[in-house]
Amino acid sequence: MGLSELLAGFAEVFQPQVLLLAFLGCLAGTMVGVLPGLGPVSAIAILFPLTAYLGPAAAIVVLAAIYYGAMYGGSTSAILLKIPGEVSSLPAALEGYPMTRRGRAGTALAIAAGASFVAGIVGTIGVWLIGPHLAGFALEFGPPEMLGLVLFSLTAIAGLSSGSVVRGIGMAVAGMLLASVGLDLTSSQQRMTFGSLELMQGLDIVPVMIGLFGVAEVLRTLERGTPVAQAAKVGGFLPTRDEFRRSAGAAGRGTVTGFLLGLIPGMLPSTTTFLSYASERRRAERKGNSRFGQGAVEGIGGPEAANNATAMSGFVPLFSLGIPTGPTMALIMAALMVYGVVPGPTMFTSDADITAAVIASFFVANVILLVLNLPLAGVWAKIARVPYGVLGPVILVCCGVGAYTARNSVFDIVVCLVAGVAGWAMGKRGLPVAPFVMGFILGPMLELSLRQTVAISPMSLVESPIFLCFAAAALVSVWVAYRLHRKGVEKVDANA
Amino acid sequence: MRSFVRVAAAVCTAALLTSCAAAAETAASYPSRSIDYVVPFAAGGSTDIAARAGAEALSDELGVPVNVINKPGADQIIGVSSVRSAEPDGYTLLADGAGSSSIQGLLPYVPYDWADRTFVAKFAEGPHVYVVGGESSYRDYDDVVETAKRDPDHFTVGWIGGSSTSDYATLQFLAENGIDAARVQRVPFRSSGEVMRAVAAGDIDFGAGGASSAFSLSKTGKLRPIALTGDKPVTKLEGVPTAAELGHPGLDMRYWVGVSAPPGLPGDLTTKLADAVAAIAEDETVVEALDAVGLSPAVLTGEDLRADIDREKHRFATLSEQIGVAG
């Protein structure tokens with residue numbers, strides 16, 4: 001697809017009706033996403049039925065706008081209230097909230113919005129220019145390659161554990177165990193269901209995560225008595241020179257890795273944001289000036305960029321091969337199919353008009369979101385000043401809604417509340433929660449790719465150069481983590 | 001203050017009375033409010049798409065909103081049991097299919113009597129497609145059969161947990177051609193879409209899925225559809241032979257989508273709903289939407305439908321005995 005087709009796509013998007021739809025999609029997505037405990041998953045679930053009345057191009061424009069809007073909004077409530085609505089905004093909660101407490105909420109919001117914007121625009125250009133050439137990547141990544149990638153990702157857990165690595169690994173294993181509840185994939189044996197119908201469907205990450213962070217944060221605030229955020233100022237938007245330099249570099253790295261990993265089916269933004277967070281953290285620790293855990297701007301910029309870049313590059317395998325990389329892409333694919341547009345190579349040839357309009361709308365949506373979110377940041381920030389007697393119950397209700405909409409299951413509200421108490425208790429005992437979530441996400445991927453590899457042929461591991469590279473990288477990663485850990489221990493000993 | 005309480009009490013009583021009236025609704029007044037149409041799968045799959053097309057048409061036909069609600073998980077048990085435990089008032093319906101009815105008859109862990117529900121009507125059905133890799137050495141149907149027969153231990157097929165018609169289509173293929181299903185390597189996947197990707201990439205030898213799951217990849221040439229089940233061709237899979245054309249009329253595994261209700265739905269409501277479902281199957285736009293995802297209208301109601309599903313269950317039982325486990 002050349003420039004002229006893309007310009008025709010822009011002409012299509014600049015029609016008042018389409019612009020309005022894109023704007024409304026962004027706004028609705030942001031509104032839902034900004035509610036504490038609600039993120040892209042909930043926003044799509046709540047707003048998807050409304051897109052049924054639109055044509056194929058308009059439906060995708062609106063769906064994408066809602067998706068991106070909810071991701072922007074999700075980071076906002078994560079930064080201001082430490083309540084992420086989706087796993088991918090977890091890093092924003094971990095690093096953004098400490099900044100909010102220091103009265104730097106404005107800067108944190110601006111960095112998140114800026115990084116998302118840059119990644120969104122770069123990602124869109126990527127989909128347009130190199131998308132068709134990279135599509136084959138989705139087919140290169142079979143079970144052995146996926147297994148390698150998951151093994152490598154698991155080593156990032158060490159980078160996520162503040163303090164004891166052993167505790168981090170323990171929590172990751174606990175996450176994997178809980179994620180394995182439900183029906184076995186091949187034999188349909190029940191695993192840890194205790195005969196319960198609800199447990200048979202397994203535990204969903206969304207209610208678990210909302211509980212571990214959202215509900216637990218409400219409990220902690222109640223315990224403290226006074227919410228800290230309430231007293232804090234929003235502060236200016238402009239980052240300092242140093243902050244800008246550090247977050248821009250992280251955003252650049254996040255964009256590239258997020259985009260490339262997003263081409264792989266099964267790679268969700270939740271995984272790539274964690275990888276970006278862990279690698280930025282390790283990078284900072286190697287340099288010896290890590291501020292992670294106390295509001296490191298790299299921990300906001302990198303993961304936010306990775307998040308958006310992954311979301312963008314998911315369109316490459318979808319448009320070129322009809323392979324959805326995650327649930328949202330599956331929905332967009334369904335919307336296309338209903339209108340008789342079959343995703344595939346023709347998306348860049350005979351259906352190029354639709355594709356061009358969609359790509360143009362991504363540019364427009366990213367601009368709308370930036371324009372919408374920077375001025376609104378001040379408004380959203382006022383949320384944190386609502387008296388906690390009002391805000392607390394509202395947050396709890398929103399968390400319940402977020403937990404429910406993931407699968408329309410009342411049981412998930414219970415899961416969310418139980419996870420909330422568990423999250424509060426883990427905080428008390430100093431157990432890191434992030435590795436738990438990482439284990440929860442990677443566990444099922446590890447199991448599936450391992451079993452697929454074994455069923456196909458275990459020998460395929462040795463024959464796959466990609467697997468061997470990842471396995472080597474994983475070993476190096478463990479060794480580096482061990483060295484860093486040793487150094488840290490020596491330092492503590494020296495200080496003592 | 002007292003008057004407020006009195007007004008509140010009156011409002012509550014009125015509301016209660018209205019809801020009682022609603023419960024005792026007759027076919028003449030039904031439906032008077034929105035209907036929940038529960039899809040026991042996640043959004044985006046073949047059943048979900050067909051159910052959404054059906055819901056929109058049903059909404060026009062009945063004059064009330066029909067809301068699609070996805071309740072995925074646990075081999076469709078969650079979705080089905082939520083509908084079974086709802087009031088049999090016609091306002092909670094199930095987007096039923098083989099995976100949520102006859103196949104459940106084979107699963108030992110289903111905590112209810114699978115047949116204990118009101119089968120209202122089915123409105124659409126579609127064939128499965130058998131695929132091999134575009135760059136594989138398999139040229140056609142007979143090629144695959146020959147290789148698989150020679151060395152079943154190294155023949156890898158996609159498997160989606162055994163609770164879907166796609167898996168039964170695979171079992172039917174193996175049985176029809178005398179390939180030992182217990183020796184074939186079943187590689188687990190989460191959806192037929194993932195199976196198609198793996199076959200196209202050459203990770204596995206063979207896969208089956210609803211016809212629409214092969215639309216995209218077959219256009220790239222990376223996926224080679226070798227046969228469609230049944231005897232009707234599919235518009236978007238031009239040139240793919242049907243099993244009947246290849247001399248295997250026994251390969252007729254189809255998936256279907258319909259409407260079911262909780263046990264005890266009053267007869268007049270069942271009839272009215274069945275008539276509405278039958279009417280939408282003739283609607284041009286619905287037929288078009290179904291065709292876009294490889295389905296065609298196929299209406300079957302009441303006892304005929306129940307008997308059909310019962311037959312289906314027995315066929316599934318025979319097939320699953322080959323691999324020694326139910327489901």
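This is a predicted model: local features need pLDDT of at least 70, side-chain atom pairs count only at pLDDT 80 or more; totals for chains, interfaces and linings use all residues.
In α18(A), I found Thr328(A), Met329(A), Ala330(A), Leu331(A), Ile332(A), Met333(A), Ala334(A), Ala335(A), Leu336(A), Met337(A) and Val338(A) buried. That is eleven of the helix's twelve residues, so α18(A) is largely enclosed by the rest of the structure.

What covers those buried residues? I looked and got a cover drawn from both chains: it includes α3 (40–47), α4 and α17 (315–321) of chain A, plus α2 (46–62) and α9 (284–292) of chain B.

From first C-alpha to last, α18(A) reaches 17 Å, close to the 16 Å expected at 1.5 Å a residue. After the helix comes Gly340(A), and I noted its positive phi, near 80°.

**Chain A overall**

I counted 24 helices and two strands in chain A. The C-alpha trace spans about 70 × 60 × 50 Å along its principal axes. Buried residues are 59% of the chain. Taking contacts in chain A between residues at least 6 apart in sequence, I see that 80% join residues at least 24 apart.

**Where A meets B**

How many residues does each chain put into the contact? I get 42 residues from chain A and 50 residues from chain B. On the chain A side, the elements giving two or more residues are α11 (197–200), α18 (327–338) and α22 (434–456). α18(A) gives the most to that side, with seven residues.

Setting aside neighbours within four places in sequence, Val277(B) is in contact with Leu58(B), Val120(B), Ala121(B), Phe123(B) and Val259(B).

I took the domain assignment of chain B as it stands, with domain 1 and domain 2. Their centres, over C-alpha atoms, are 27 Å apart. Across the boundary, 15 residues of domain 1 are in contact with 15 residues of domain 2. On the domain 1 side, α10(B) gives the most, with three residues.

That sent me to α10(B) itself. Its 20 residues (302–321) should span 28 Å at 1.5 Å a residue, and the end C-alpha atoms are 29 Å apart, which agrees.

Which residues of α10(B) are buried? My list is Leu305(B), Ile309(B), Glu312(B), Phe316(B), Leu319(B) and Ser320(B). They cover an arc of only 85° around the axis, which puts them on the same side of α10(B). The spacing rule behind this: an α-helix has 3.6 residues a turn, so residues three or four places apart point the same way.

The buried residues of α10(B) pack against β4 (118–133), α5 (165–176) and β10 (296–301) of chain B. On the face turned away from them I found the exposed residues Glu303(B), Ala307(B), Arg311(B), His314(B) and Thr318(B).

Terms used: Residues are numbered from 1 along each chain as its sequence is written. Chains are lettered from A and ligands numbered from 1 in the order in which they are written. Helices (H or I, at least four residues) and strands (E, at least two) are DSSP runs, numbered from the N terminus. The expected span of a helix is 1.5 Å times one less than its number of residues. A residue is buried if 20 or more other C-beta atoms lie within 10 Å of its own, exposed if 12 or fewer, and partly exposed in between; C-beta atoms are placed from the backbone. The arc is that of the directions from the helix axis to the C-beta atoms. Two residues are in contact if their C-beta atoms, placed from the backbone, lie within 7 Å. Domain bounds come from an automatic or database domain assignment.
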